[in-house]
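Here is a short report for a reader new to this structure. Please look over the sequence and the model before reading on.

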Amino acid sequence: MTRMSDDYANLTALLSQVVAATGDFHKSLPERPVGARNWDTVSDIELPAQGMGGSDALREFLTRHGANLSASVGPRFLGYVIGGTTPAAMAGDWLAAAVDQNAASPGDSTAVAVTVQPLDWLKQL
């Protein structure tokens with residue numbers, strides 16, 4: 001069993017694995033289908049009795065689902081207004097997830113200011 005403290009102790013290595021996996025994914029976009037396929041959504045996977053840790057969970061995810069991820073993140077995807085992500089947006093999402101701030105009230109964190117600033121910019125537009 002991998003403990004969460006093990007994941008924290010190896011956080012840099014785990015994040016490097018995520019960077020490598022997402023880099024490989026983005027390099028493969030030209031070969032991936034953009035449209036959805038009818039993948040079986042029924043899972044026969046039993047809930048593990050013990051946690052496996054971040055590295056093994058990432059490996060398990062990539063093994064089970066990596067080849068079936070669509071290229072909806074890429075520039076060829078025009079099916080929805082949401083479009084694909086940009087490298088800057090991806091980095092921002094990772095940063096937001098990593099620092100995990102609570103924007104419940106201004107005294108908790110600078111997260112409220114970070115949230116209000118783009119709204120002010122949109123008003124200026």
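## Basis of the model

This is a predicted model, in which local features need pLDDT of at least 70 and side-chain atom pairs count only at pLDDT 80 or more, while totals for chains, interfaces and linings use all residues. Residues are numbered from 1 along each chain as its sequence is written, and side-chain values use heavy atoms, with hydrogens and water left out.

## Overall fold

The protein has five helices and zero strands. Along the sequence the pattern reads α-α-α-α-α. Helices (H or I, at least four residues) and strands (E, at least two) are DSSP runs, numbered from the N terminus.

Of the 125 residues in the protein, 14% are buried. Buried means under 20% relative accessible area, exposed means over 50%, and partly exposed lies in between (1.4 Å probe, protein chains only). Contact means heavy atoms within 4.5 Å. Among contacts with a separation of 6 or more, 68% join residues 24 or more positions apart.

## Helix H3

Helix H3 covers residues 53-65. Its 13 residues should span 18 Å at 1.5 Å a residue, and its end C-alpha atoms are 18 Å apart, which agrees. The expected span is 1.5 Å times one less than the number of residues.

Which residues of H3 are buried? They are Gly 53, Gly 54 and Leu 58. They cover an arc of only 165 degrees around the axis, which puts them on the same side of H3. The arc is that of the directions from the helix axis to the C-beta atoms. The buried residues of H3 pack against helix H1 (4-9) and helix H2 (11-27).

## Surface

The protein exposes about 10000 Å², and carbon and sulfur atoms supply 61% of it. Accessible areas come from the Shrake-Rupley method with a 1.4 Å probe; for residues, only the protein chains shown count as cover.

Met 4, Tyr 8, Leu 11 and Leu 15 make a nonpolar surface patch of about 450 Å². H1 and H2 are the elements that give two or more residues to this patch. Patches are made of residues with over 30% relative accessible area and no salt bridge; like charges are joined within 9 Å, and nonpolar side chains (Val, Leu, Ile, Met, Phe, Trp, Tyr) within 5 Å. Leu 15 sits in helix H2. It counts as partly exposed, at 47% relative accessibility.

## Salt bridges

How many salt bridges does the structure hold? It holds three. A salt bridge is a side-chain nitrogen of Lys or Arg within 4 Å of a carboxyl oxygen of Asp or Glu. An α-helix has 3.6 residues a turn, so residues three or four places apart point the same way.

In H3, Asp 56 and Arg 59 lie three residues apart, about one turn of the helix. Their closest N and O atoms are 2.3 Å apart. Asp 56 is partly exposed at 33%, and Arg 59 is partly exposed at 46%. Also in H3, Glu 60 and Arg 64 are four residues apart, about one helical turn. Their side chains meet at 2.5 Å, N to O. Glu 60 is partly exposed at 32%, and Arg 64 is partly exposed at 39%. In helix H5 (residues 111-124), Asp 120 and Lys 123 are three residues apart. Their salt bridge has its closest N and O atoms 3.4 Å apart. Asp 120 is partly exposed at 29%, whereas Lys 123 is exposed at 68%.
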